[in-house]
Structure formats: C-alpha cells, structure tokens
Amino acid sequence: MALRTEELLLNVGPQHPSTHGVFRIVVKLDGEIIKEATPVMGYLHRGTEKLAENLTYTQIIPYTDRMDYVSAMTNNYVLCHTVEKLMELEIPERAEYLRLIVMELQRIASHLVWWGTYLLDIGAMSPFLYAFRDREKIIDMFNELCGARLTYFYMRIGGVKWDAPEGWIQKVRDFVPYMREKLKEYDNLVSGNEIFLSRIKGVGQYDAQTAIDYGLSGANLRCTGVKWDLRKDQPYSLYEKFDFDVPVGRNGDCYDRYLCRLAEIEQSLRILEQAVDSFPGDGPVMGKVPRVVRAPEGEIYSAIESPRGEIGCYIVSRGKDKPFRLKFRRPSFVNLQILPKLLVGESMTNLVTILGATDIVVGEVDG
C-alpha cells in the first residue's frame, strides 16, 4: 500500500539580522524532500542606488560599507576605483599599497566569518570561536588604521583617508605567519573530519557550464574548475605586481567551495607578505583631487574581486558632483539565483549545508 503524504510549506527564516542577514527561503516539502525552494528578499532593503543620485560621490562611500558588512573595504574600493577611472585620476603608490593590503586583510576576515559560521550552522561550536579569535586581530588592525571595526569608510576618491600609523605595517607582517599556523590547525580540526566530510562532500554539486550559465563568480565559480579571478584576469590596483595562485576545485560541490576559500586565505597571505616587503618608505596617500569631485560626462563599468565574487559598479555621469545613475553588480545577489536548482530534490538536512556553502551576505542582496 502506497504511503499517502501531503506537501508542507515551510518558512525558513527570516534569520537574525547579524552575520547571516534577514534572509527567508520558502520551501515546499514532501516528507523530508524539498520539492520547491523560493528565496524571499527585501527585508533589509535600503535603496542605496537610488539614494546615491542625491549624494555626492564622497557621500556614497559609507553606503558601500553597509552593502556587505563583513567586506566593507572591497566595497569602498569598487566605488572609488570606478570614479577614479572615469576622472582619469592618478593614485599615489603608497595609497594603492595601503588599499591592496586592507582589501586582502578584509578577504581573510570575511572568509573567517564564513568558515566559523558555516561550521556552527552544521553543528560545530569550536571553529566559530577560533575563527572570530583570529578575525579579531584583523579588526584590531583596522580599528587602529581608521577608527572603526565594521563600517570603515577608509578609502577616498584619489587615495585613502589616513596613512598607516607607526608600526602598523609590522603588525601586518607579523600576522602572516600567525595566520598560516592557524590555517594548519583549521585543517587538522575540520577538513578531514569524517562527520564533516559526510555532511558536505558531494552535496550541492554542479558543473562549470551551469555555474557560467547562472553568472556565478568567486569560489562558487572556481569550485567547478574555472580559473577566473579578476585580480589575475582583469588586474586592477597593484595586483599584477604580485605572485599568487587562483585556487580551483574539480567537483563543484560544497566541499570544493570550502577548500577553495581556505586556499584563498593562503593566497591572500602570500600577497600580504609581498606587499609589506615592498611597501614604499614614504609618499602621499591622496592624489590631486578637486575639492568638489565632479566626474566628467559619460558612463563606465568597473569590477573587482570581492570575497564573494565579482562586485561591479556602473555609473552614468552628467558632469555634476552627483551620479545621474548608479548600479552595483552584487555577487551575492547573482550567486543566490542557483539556490532553487541546488535545493530541489535534496533533504532538509542538506538545506543549511548548501545555503552556507554559497556564502551569501544578505545586505549585498537587499542593499
């Protein structure tokens, strides 16, 4: 006799508005199997792009902090970099070094938040504590550099707000070997754990063509074997000066996305090591920028590699001190689109595994 079942509509979320954001996904269940999954957005919407039309270019920078609240430095940079390209500004070398250093520190800090919260979501408490312990060292350095711990507002059109205080570069240099040792501990603690492997290996799998069709970027693309990183393929800032690799996976599953992000931390440490060794002894940290920033008439799109993938900024200028139109290409918003495909046919036990491995920051989706 066939077992009669009824479909159940289940609200997962909205989640607490902290590291995971206010995100809701509605799933239709047949027993434990997901038959349909619908992401619901808009709980954190702030209308950043529309607000920008009434803000000067400098006033927009703090809004970029809030789009991805664990990767504010890279968001600062994409706006400043786009305006600078439109204005054809020359950035002092020391300022560009500082920008690159804080962006790579931010990448590590962001991946640490992901690693700790992901392990917490699937049942491990200790990794969360270790990740935030190590991230705290980066946050302390940022606090010393710009006076903030989360929303930094450090970068400026033409350079950075302040020079690094005395001894700051040495602290970055000391952090590199410290973090390398911690990465080994992470691997020993988690990466080969049988329970962990059974939870994520082979789960949420897709191939390279699917990733490209959905417009995925970052580790969500590279886990399929596609070697695409804007720091290498469309170099910006000073990245062409440094030697580093682009980690890729083979299977396109949650485990490969996990390994890619840990490997990216190691590559960021390589970049930091080279950057502090070649850091200019002196020089200005702001270029020659008019008191009132007015971008010339025209339009431009510029993209960089954020911790979650390609973040881009498109500006239409009418020659005034405010943009006529501004649009951000947010990696989390694009990466989110594959979730329904990945979740349908999976059990509810794999929902958190797949969702966490995608590394979506909801402020970036709704902002």
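Is Cys223 buried or exposed? Here are a few points to guide a first look.

1. Cys223 counts as buried, because its relative accessibility is 0% (buried means under 20% relative accessible area, exposed over 50%, partly exposed in between, with a 1.4 Å probe and protein chains only). Please keep in mind that this is a predicted model, where local features need pLDDT of at least 70, side-chain atom pairs count only at pLDDT 80 or more, and totals for chains, interfaces and linings use all residues. Residues are numbered from 1 along each chain as its sequence is written, and side-chain values use heavy atoms, leaving out hydrogens and water.

2. You will find zero disulfides here (a disulfide is a pair of cysteine sulfur atoms within 2.5 Å). The cysteine sulfur closest to that of Cys223 belongs to Cys260 and is 6.2 Å away, so it is too far for a bond. Cys260 is buried too, with a relative accessible area of 3%.

3. Arg261 counts as buried at 1% relative accessibility. Leaving aside residues up to four places away in sequence, Arg261 touches His111, Trp114, Ala219, Asn220, Ala357, Thr358 and Asp359 (contact means heavy atoms within 4.5 Å).
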